[in-house]
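Thanks for coming, everyone. Please look at the screen for a moment before I start talking.

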There are 2 protein chains.
Amino acid sequence: MFFEGPEKKVELVVEGAPSLRQLGEAFWRRVVVASGAQILSQIHSDDCDAYLLSESSLFVYDARVIMITCGQTTLAKAAELMMGALEDHTLALMIYERKNEHFPEYQHTAFIDDARTLHALAPGRALRFGAPDSHRLMLFHTDAPYTPAAGDVTLEVLMHGISAEAAARFHAVPNATPEGVAARTGIADMLPGFTLDEHLFEPAGYSLNGLNGAAYATIHVTPEAIGSYVSFETNLDFRADPSRLIRQVVGIFEPASFDVITFSPAPITAPDLPAHRLRNHVEQILDCGYHVAFRHYYRPQTRPGRAFALPL
Amino acid sequence: MFFEGPEKKVELVVEGAPSLRQLGEAFWRRVVVASGAQILSQIHSDDCDAYLLSESSLFVYDARVIMITCGQTTLAKAAELMMGALEDHTLALMIYERKNEHFPEYQHTAFIDDARTLHALAPGRALRFGAPDSHRLMLFHTDAPYTPAAGDVTLEVLMHGISAEAAARFHAVPNATPEGVAARTGIADMLPGFTLDEHLFEPAGYSLNGLNGAAYATIHVTPEAIGSYVSFETNLDFRADPSRLIRQVVGIFEPASFDVITFSPAPITAPDLPAHRLRNHVEQILDCGYHVAFRHYYRPQTRPGRAFALPL
């Protein structure tokens, strides 16, 4: 009846360790299985192996891994498995995130459980960006000193309540090839020069990984009527125009509300999104060096809505 | 570490049945126990028996019962017990509500489970007022024809993120008598002519029932830092000035956001709350005759916030 789109994410950085890519596909497959997902396909660049998963994505670099999973996955278990494979003292950074779920009652663990599991392996702090009754990002990070590189930025745009027109483009139809979707919807235009790996799910849903050298981008679409959701994430350096990518992706999906989350080594300019209202804005410098900004936007209502009928 | 303030509520109306009050205190005690709560105290008027509970309130009239419970209570079980005590064909109306919880993962059931349980006993419909990623009220109602009386109105003001100053007034302190709280905080001024029944909880929390003839009012305060919440509900006829009570109670608790929910036999004037922004507005006429309006307001942010540290 619904699918839990809002994701968990883990990011690990190692220093003085062998290349994480050389742990091999069989190892990363075990990591993915530990989360409860499967590898569907993969693409590669000189810098990164990008795996498209049955529930989201995995990006493996020599010294960094980014894994994002949705649904009822158990990403903390995958993070534990990764950490168990690292030699002592090579973990430089870990950040574990959970976006507020639509139906947390169907998750195997709560964020605080995951954070405590990870804290026992690598000490850190747990933070909530946003209010407990609204959009929020829960974040655990190791508190060992770490200095992000000058170009180390991440942009996340997490969208709720996409328009019916946008949702319709991401339902599987007979003879549809996933390759057409990015081109038809404008997603490909957002990511010039990227190699794309796309998947359309039955009966609904769409995932995309993109690689362009060291740059990654990923989109995951949950178009179901109850709890529709889309995430977009990239490490492309968006700082020259912090609004462009956000406006593009919000223009494609027309969400009723969305969160913009940025990680950067120093404060950055706020995005300019005049069609939306800023509901909440949280800024925090993490002990591990990142400046994190969380902004929750919504599209103002033009007329009263109706109640949504739930099937009994 | 936290207490789940957001409530469940059930309202039952009978026609052609013996007085519900004459089912007796022992019966109502069993109903309360079925929800997982206890009766703490009671007050009475000619029209109503009002029970203050360990988790919220129960109001019993001759032909109507309103029961509100918070925490991890199982109110649908209490509703089942009530319905089992009714003679055939005397149930005229049932409405069951659940406000979005802060931590639904710690509830025994989800709303849809409760709605299906009740639907099997008395057919109806389930509705969601609000979006699945924001403030919302889930509501099940019987769909048998029903015509609310001209004066049959309800006002609910459900407040999240109350100010630290307001919260501090509702922590138990040595030698504090609950009777002082309503007078000190301005609550008593809101409810002139009401007999009040108050309770301060250890280490924190406050409940109040008030009766004035057939009018009831109730307030429940969860002042804990994680997920602070206050509910105010009354059947006082607020239609002559739909803003006054809302402004008073919001002025006392200074919430970051709140929902105003009204039930009435016909459309009513919108409240005028210029200090707050209307985030979402849903209007729906139920098959059982009530006009229901749901409005979610928030206080605009004046500067960026900081992340909230969660204890590990």
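Contact, in this talk, means heavy atoms within 4.5 Å. With that rule, 48 residues of chain B are in contact with 48 residues of chain A.

Some ground rules. This is a predicted model, where local features need pLDDT of at least 70, side-chain atom pairs count only at pLDDT 80 or more, and totals for chains, interfaces and linings use all residues. Residues are numbered from 1 along each chain as its sequence is written, chains are lettered from A and ligands numbered from 1 in the order in which they are written, and side-chain values use heavy atoms, with hydrogens and water left out.

Let's stay at the interface. The size of an interface is often given as the accessible area lost when the parts come together. We call that buried area: the accessible area, with a 1.4 Å probe, that two parts lose on being put together, summed over both. Chains B and A bury about 4000 Å² between them, with 56% of that on carbon and sulfur atoms.

Which elements of chain B give two or more residues to the side that touches chain A? They are α3 (111–121), β7 (124–129), β8 (137–142), β15 (277–285), β16 (291–298) and β17 (308–310) of chain B. Helices (H or I, at least four residues) and strands (E, at least two) are DSSP runs, numbered from the N terminus. β15(B) gives the largest share, 8 residues. By type, this side of chain B divides into 24 nonpolar, 14 polar and 10 charged residues. Here Ala, Val, Leu, Ile, Met, Phe, Trp, Tyr, Cys and Pro count as nonpolar, Asp, Glu, Lys and Arg as charged, and the others, Gly among them, as polar.

How many salt bridges are there between chain B and chain A? The count is 0. A salt bridge needs a side-chain nitrogen of Lys or Arg within 4 Å of a carboxyl oxygen of Asp or Glu. Over all chains, the whole structure has 30 salt bridges.

One pairing across the interface deserves a look. Strand β17 (residues 308–310) of chain A pairs with β7(B) in the antiparallel sense, over 3 bridges. Two strands pair if DSSP finds at least two bridges between them. L310(A) has A126(B) as its bridge partner in β7(B).

Now chain A by itself. Chain A has 7 helices and 17 strands. Its radius of gyration is 18 Å, close to the 20 Å that the globule rule gives for 312 residues, so chain A is as compact as a globular protein of that length. That radius is taken over C-alpha atoms, and the rule is 2.2 Å times the number of residues to the power 0.38. The C-alpha trace of chain A spans about 55 × 45 × 40 Å along its principal axes.

Here is a salt bridge inside chain A. The side chains of R29(A) and E25(A) meet at 2.4 Å, N to O. Both sit in helix α1 (residues 24–35) of chain A, 4 residues apart, so about one helical turn separates them.

Last, some backbone details. Most residues other than glycine have a negative phi, and most peptide bonds are trans. Yet a cis peptide bond joins E202(A) and P203(A), with omega about -5°. P203(A) lies in the loop between β10 (195–200) and β11 (206–212) of chain A. In chain B, a cis peptide bond joins E202(B) and P203(B), with omega about -5°. H89(B) is not a glycine, but has a positive phi of about 65°. Find H89(B) in the loop between α2 (75–84) and β6 (91–99) of chain B.
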